[in-house]
Amino acid sequence: MTTLTRARCRARAHPFAMDAALAAGVLVCMVAGSFVEPRGPEGVDWELRIPDPLSLVLMTLGAAALVFRRRAPRTVLALAGGASVAESVTGDPRAPVVMCAVVALYTVASTTDRPTTWRVGLLTMTVLTGTAMAVGPLPWYAQENLAIFAWTGIGATAGDAVRSRRAFVQAIRERAERAERTREEEARRRVAEERLRIARDLHDVVAHHIALVNVQAGVAAHVMDRRPDQAKEALAHVREASRSALGELRATVGLLRQSGDPEAPTEPAPGLDRLDELAGTFRSAGLRVEVARTDQGTELPAAVDLAAYRIVQEALTNVQKHAGTRARAEVSVVRVGPHIEVTVLDDGSGEGHEQAPAGGGHGLLGMRERVTALRGTLTTGPRYGGGFRVHAILPVKTHTSAAGDGRP
């Protein structure tokens with residue numbers, strides 16, 4: 001920090017002391033100037049003189065008023081201006097009391113707006129200059145009278161310039177602070193969206209594979225004594241489902257790593273190209289699943305592809321958990337104009353589906369959030385005659401950046 005900067009900091013910290021120092025400096029300058037006479041018998045000549053006691057009193061009063069210039073700038077200007085007017089009428093030779101009025105006018109201009117500066121400046125300039133020209137002991141065209149006009153104009157102009165600069169700097173500072181707050185809010189929003197996306201992925205992965213593990217473990221426990229071969233097959237499915245769950249969890253959690261971490265995920269996020277593999281995992285768990293597709297050749301954005309896969313995964317998981325072991329599920333993926341429609345039906349009772357939201361409902365809520373983020377529509381509900389229906393309509397082309405579910 002430079003010496004000038006430290007001085008400015010101290011001045012801002014102790015304004016009253018600085019105003020007192022300024023008033024003392026102005027008083028010294030006025031007293032020193034009152035001892036000099038710029039007129040001689042043969043034109044302009046500088047010589048020493050003794051000021052009048054009244055002039056010394058007026059200078060002291062004007063300088064003392066400057067101590068309070070920040071607290072009551074207009075009142076101080078009125079007092080300093082009155083002292084200057086009195087000196088113009090009575091002083092001969094005249095003392096430089098007008099210096100107090102110039103400093104007070106500068107303070108008013110630097111602390112108010114421009115219209116006020118114009119009004120107060122013109123009034124001060126007119127009163128001081130007019131009084132000095134009209135009733136003073138000097139001729140109206142004397143240089144001292146014209147100097148009053150010039151110095152009051154300079155004081156008002158300098159104060160207005162300082163006020164304008166302060167306002168400009170303050171506007172820049174506020175704009176920078178707003179920009180910083182906007183960046184922080186945007187960063188927090190993006191972090192929240194990313195957390196929500198990762199939470200959805202974790203829920204989909206865990207719910208799907210844990211449901212399969214639960215079913216196969218139940219089968220293994222049921223047939224362990226009577227049919228050990230079937231129990232071994234069920235345990236093999238448990239092992240495969242747990243391995244898949246761990247792999248997907250590792251890939252999802254890997255998204256939270258820093259960019260320089262060595263084990264960042266490299267596999268693409270799953271999409272509809274793995275739909276048959278997904279259906280196979282449910283068939284191995286005992287669920288009858290049929291898949292029908294008429295979207296061959298359709299190139300989907302990464303976010304839409306992942307959302308469609310997760311919707312089918314979550315819907316089949318709900319069928320596995322709620323519709324019963326003898327349920328039959330149908331999955332259809334159809335291209336309809338600018339949209340792709342994903343439908344999952346089951347012929348179970350549907351009661352578990354209706355109760356799922358009350359017991360947590362994170363699966364249906366996650367599906368709805370995914371579809372809404374892509375500006376699609378999702379319809380869920382029980383079917384007439386039993387069962388449950390999940391129907392999602394997703395745009396084939398999307399410009400939504402809020403999805404954030406793109407493949408790495």
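## Accessibility and the predicted model

A residue is called buried when its relative accessible area is under 20%, exposed when the value is over 50%, and partly exposed in between. By that division Arg114, at 41% relative accessibility, counts as partly exposed. The structure described here is a predicted model, and residues are numbered from 1 along each chain.

Arg114 and Asp160 form a salt bridge through their side chains, with an N to O distance of 3.0 Å.

## Salt bridges around Arg328

A salt bridge also joins the side chains of Glu290 and Arg328, at 2.7 Å from N to O. Glu290 is located in strand S3 (residues 288–294) and Arg328 in strand S4 (residues 328–336), so this pair ties together parts of the chain that are 38 residues apart in sequence. Arg328 has a further partner in Glu330, and the closest N and O atoms of that salt bridge are 2.7 Å apart.

The residues at this site are partly exposed. Glu290 has a relative accessibility of 41%, Arg328 a relative accessible area of 24%, and Glu330 one of 33%. Each of these values lies between the 20% and 50% limits, which is why Glu290, Arg328 and Glu330 are placed in the intermediate class.

## Salt bridges in the model as a whole

The count of salt bridges comes to nine. Elsewhere in the chain, Asp19, Arg69 and Arg70 are linked in a network of salt bridges.

## Packing of helices H4 and H6

Two packed helices are described by the angle between their axes and by the distance between those axes. For helix H4 (residues 73–90) and H6, the axes come within 8 Å and cross at roughly 15 degrees. Because angles under 35 degrees count as roughly parallel, H4 is roughly parallel to H6. The crossing of H4 and H6 is right-handed.

On the H4 side, the contact is made by Arg74, Leu77, Gly81, Ser84, Val85, Ser88 and Val89. These residues meet Thr116, Val120, Thr124, Val127, Leu128, Thr131, Ala132 and Val135 of H6. By residue type, the contact of H4 with H6 divides into eight nonpolar, six polar and one charged.

Ala64 is part of helix H3 (residues 53–65). With 40% relative accessibility, Ala64 counts as partly exposed. Ala64 and Ala23 are 41 residues apart along the chain, and their C-alpha atoms are separated by 6.4 Å.

Trp140 is found in the loop between H6 and H7. Its relative accessible area of 53% is over the 50% limit, so Trp140 is exposed. When neighbours within four places in sequence are left aside, Trp140 is in contact with Met133 and Asn145. Between Trp140 and Thr129, which are eleven residues apart along the chain, the C-alpha separation is 9.3 Å.

Methods: This is a predicted model: local features need pLDDT of at least 70, side-chain atom pairs count only at pLDDT 80 or more; totals for chains, interfaces and linings use all residues. Side-chain values use heavy atoms; hydrogens and water are left out. A salt bridge is a side-chain nitrogen of Lys or Arg within 4 Å of a carboxyl oxygen of Asp or Glu. Buried means under 20% relative accessible area, exposed over 50%, partly exposed in between (1.4 Å probe, protein chains only). Helices (H or I, at least four residues) and strands (E, at least two) are DSSP runs, numbered from the N terminus. Axes are lines fitted to C-alpha atoms, for helices over the stretch in contact, and angles run from 0 to 180 degrees between N-to-C directions. Angles under 35 degrees count as roughly parallel, over 145 as roughly antiparallel, 65 to 115 as roughly perpendicular and the rest as oblique. A crossing is left-handed if the near helix is turned anticlockwise from the far one by less than a right angle, and right-handed if clockwise. Contact means heavy atoms within 4.5 Å. Ala, Val, Leu, Ile, Met, Phe, Trp, Tyr, Cys and Pro count as nonpolar, Asp, Glu, Lys and Arg as charged, and the others, Gly among them, as polar.
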